Amino acid sequence: MSGAVADEVADITADAEAMLARLFDDAHTPRAWSDRPVPEALLRRLYDAVRLGPTSANCAPARLMFLTTQDARARLLGALSPGNVERVRTAPVTVIVAWDPMFYEHLPKLYPQGDARGWFAADPVLAEETAQRNAALQGAYLILAARALGLDVLPMSGFDNHLVDAQLLAGEGWRSHFLVSLGHASGPPPERAPRLDWSEACRLL
């Protein structure tokens, strides 16, 4: 390996390590939020990144409801488990990561090289499985993209999906998957909870 190539690889490795640290090693789920706002322009840039992540047949079934006002978030509070109320009430933004049961209606645009719409329109079970799986994947892209943009992220379950759907998503026909609060953390980061090590979670075949 030439010196120039070795230097380039070293630079890429250093850049990759820095990004991994930002996305994972140094990132913590916040305990409390500062009052620093999250501008709409940043949310739009966030979505521009999320939408580029891969999904099967480019189906892109995730739908994102950004609750950016106190009144909007207040509509969500009654559907939350007690431990999540303050996390949402004080967050600058909470995103309902949802999925669209009729996602396949967009496939003539998103997958013009084949009749992907027909695959799912004819098979409701396949359509629902595909929508839920890929919306969850897009929700993960949301978490990582938000961290890359300098936001702190608090993903949550612990809510009544049916109530959220009825109160906030009925007009769209979407179904909630999970919640993600976004903003800037206040105070020191919490101690990281334990994680499984390689031998507990991985196998090589």
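A: A definition to start with: partly exposed means a relative accessible area between the limits for buried, under 20%, and exposed, over 50%. By that scale Glu 86 is partly exposed, at 43%. Bear in mind that this is a predicted model.

Q: What does Glu 86 form a salt bridge with?
A: Its partner is Arg 89, with the closest N and O atoms 2.7 Å apart. Arg 89 is partly exposed as well, with a relative accessible area of 37%.

Q: Where do Arg 89 and Glu 86 lie?
A: Both are in helix α4, residues 85-89, and they sit 3 residues apart, about one turn of the helix. In general, an α-helix has 3.6 residues a turn, so residues three or four places apart point the same way.

Q: How many salt bridges turn up in the whole structure?
A: The search finds 5. Among them is the one between Arg 51 and Asp 48, at 3.4 Å from N to O. Arg 51 has a relative accessible area of 49% and Asp 48 has 34%, so each counts as partly exposed.

Q: And Glu 105, which side chain does that meet in a salt bridge?
A: Arg 117, at 3.0 Å from N to O. Glu 105 lies in the loop between β2 (93-99) and α5 (107-110), while Arg 117 is in helix α6 (residues 116-121), so the pair ties together parts that are 12 residues apart in sequence.

Q: Are Glu 105 and Arg 117 buried or partly exposed?
A: Glu 105 is partly exposed, at 39% relative accessible area. Arg 117 is also partly exposed, at 31%.

Q: Switching to Asp 165. Which side chain of opposite charge is nearest?
A: Arg 175, 5.8 Å away. A salt bridge needs a side-chain nitrogen within 4 Å of a carboxyl oxygen, and Asp 165 has none, although it is buried.

Q: Where is Asp 165, and what does it touch?
A: Asp 165 is in helix α8, residues 161-169. Leaving aside residues up to four places away in sequence, Asp 165 touches Ala 170, Trp 174, Arg 175 and Ser 176.

Q: Aromatics next. How many pairs are there?
A: The whole structure has 4 aromatic pairs. In one of them, the rings of Phe 103 and Tyr 104 have centres 5.6 Å apart and planes at 75°, so the pair is edge-to-face. Phe 103 is buried at 0% relative accessible area, and Tyr 104 is buried at 11%.

Q: Which residues do the ring pairs link into a cluster?
A: Phe 103, Tyr 104, Tyr 111, Trp 119 and Phe 120.

Q: What about helix α7: what span should it have, and what does it have?
A: Helix α7 has 25 residues, 124-148, and should span 36 Å at 1.5 Å a residue. The end C-alpha atoms are 36 Å apart, which agrees. Just after α7, Gly 150 takes a positive phi of about 90°.

Q: Which residues other than glycine have a positive phi?
A: Ala 57, near 55°, is one of them. Ala 60, near 45°, is another. Ala 57 is in the loop between α2 (40-50) and β1 (62-67), and Ala 60 is found in the loop between α2 and β1 too.

Q: Last one: what does UniProt place at residues 28-183?
A: The unreviewed UniProt entry has the feature "domain: Nitroreductase" there. Over residues 28-183 the chain is 44% helix and 17% strand, with the end C-alpha atoms 12 Å apart.

Technical notes
Residues are numbered from 1 along each chain as its sequence is written. This is a predicted model: local features need pLDDT of at least 70, side-chain atom pairs count only at pLDDT 80 or more; totals for chains, interfaces and linings use all residues. Side-chain values use heavy atoms; hydrogens and water are left out. Helices (H or I, at least four residues) and strands (E, at least two) are DSSP runs, numbered from the N terminus. Buried means under 20% relative accessible area, exposed over 50%, partly exposed in between (1.4 Å probe, protein chains only). Lys and Arg count as positive and Asp and Glu as negative; His and the chain ends are not counted. Contact means heavy atoms within 4.5 Å. Rings of Phe, Tyr and Trp (its six-membered ring) pair if their centres lie within 6.5 Å; planes under 30 degrees apart count as stacked, over 60 as edge-to-face and the rest as tilted. The expected span of a helix is 1.5 Å times one less than its number of residues. UniProt positions are given in the numbering used here, feature names are shortened, and annotations may be inferred rather than shown by experiment.
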